[in-house]
Amino acid sequence: MKKSIIALIIALSIFISCISILVFSFNQGVKPDKDEEEKIRILAEQYLEEEFNDNFEIFDVLYDNMGNYFYFDYAAKIRDKKSDIKFLVYYNDESKQELAIN
């Protein structure tokens with residue numbers, strides 16, 4: 001009886017440890033990388049200066065932590081200050097160029 005209780009406690013401890021490691025790993029995987037966010041902001045600022053006028057601003061960065069977008073992991077969210085039209089600017093991993101999309 002005593003050995004079965006000890007075995008149960010050990011099994012539960014291992015199970016709880018495994019679940020904790022999985023939860024920690026998942027949480028780390030869904031957090032954006034600050035360096036990557038800064039990198040996409042810089043690329044987007046350069047792109048806006050070259051392609052658009054001063055009416056556009058970067059208002060946020062999108063991190064695609066669930067793989068919804070095929071071509072990028074990070075994208076800068078851009079807004080037209082006058083019309084409030086919003087679109088994304090990102091570095092296309094396949095074509096190796098910056099693009100703007102709605």
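In which helix do lysine 34 and glutamate 37 both lie, and how many residues apart are they? Both lie in helix H2, three residues apart, which is about one turn of the helix. The model is a predicted one, in which local features need pLDDT of at least 70 and side-chain atom pairs count only at pLDDT 80 or more, while totals for chains, interfaces and linings use all residues. Residues are numbered from 1 along each chain as its sequence is written, and side-chain values use heavy atoms, with hydrogens and water left out.

**Overall architecture**

- The chain has two helices and four strands, where helices (H or I, at least four residues) and strands (E, at least two) are DSSP runs numbered from the N terminus.
- Followed along the sequence, these elements give the pattern α-α-β-β-β-β.
- The radius of gyration of the chain is 22 Å, whereas a compact globule of 102 residues would have one near 13 Å; the radius is taken over C-alpha atoms, and the globule rule is 2.2 Å times the number of residues to the power 0.38.
- The C-alpha trace spans about 75 × 30 × 20 Å along its principal axes.
- Of the 102 residues, 21% count as buried, a word that here means under 20% relative accessible area, with exposed meaning over 50% and partly exposed in between (1.4 Å probe, protein chains only).

**Nonpolar cores**

- The largest nonpolar core has 12 residues in all, among them Ile40, Tyr47, Phe56, Val61, Tyr74 and Phe87; such a core is a set of buried Ala, Val, Leu, Ile, Met, Phe, Trp, Tyr and Cys residues joined through side-chain atoms within 4.5 Å.
- Helix H2 (34–51) and the strands E1 (56–63), E2 (74–80) and E3 (86–92) each supply at least two residues of this core, and H2 gives the most, with four residues.
- A second, separate core has five residues, including Leu62, Phe72, Ala75 and Tyr90.
- Isoleucine 40, a member of the largest core, is in contact with Val61, Tyr74, Ala75, Ala76, Val89, Tyr90 and Tyr91 when its neighbours within four places in sequence are left aside, contact meaning heavy atoms within 4.5 Å.

**Aromatic rings**

- The structure holds eight aromatic pairs, counted when the ring centres of Phe, Tyr and Trp (its six-membered ring) lie within 6.5 Å, with planes under 30 degrees apart called stacked, over 60 edge-to-face and the rest tilted.
- Phenylalanine 52 and phenylalanine 87 form a tilted pair, with 5.5 Å from centre to centre and 35° between the planes.
- Because phenylalanine 52 lies in the loop between H2 and E1 and phenylalanine 87 in strand E3, this pair ties together parts that are 35 residues apart in sequence.
- Phenylalanine 52 is partly exposed at 27% relative accessible area, whereas phenylalanine 87 is buried at 10%.
- Phenylalanine 70 and tyrosine 71 form an edge-to-face pair, with centres 5.2 Å apart and 80° between the planes; phenylalanine 70 is exposed at 67% relative accessibility, and tyrosine 71 is partly exposed at 35%.
- One aromatic cluster is formed by Tyr47, Phe52, Phe56 and Phe87.
- Arginine 79 lies over the face of phenylalanine 59, at 4.3 Å from the ring centre, under a rule that asks for NZ of Lys or CZ of Arg within 6 Å of the ring centre and within 35 degrees of the ring normal.

- Lysine 34 and glutamate 37 form one of them, their closest N and O atoms being 3.8 Å apart; lysine 34 is exposed at 60% relative accessible area, while glutamate 37 is buried at 15%.
- Aspartate 60 and lysine 77 also form a salt bridge, with 3.8 Å between the closest N and O atoms.
- Aspartate 60 lies in strand E1 and lysine 77 in strand E2, so this pair ties together parts that are 17 residues apart in sequence.
- Aspartate 84, found in the loop between E2 and E3, has a positive phi near 65° although aspartate 84 is a residue other than glycine.
- The side chains of aspartate 84 and lysine 86 meet in a salt bridge (4.0 Å, N to O); aspartate 84 is partly exposed at 42% relative accessibility, and lysine 86 is partly exposed at 43%.
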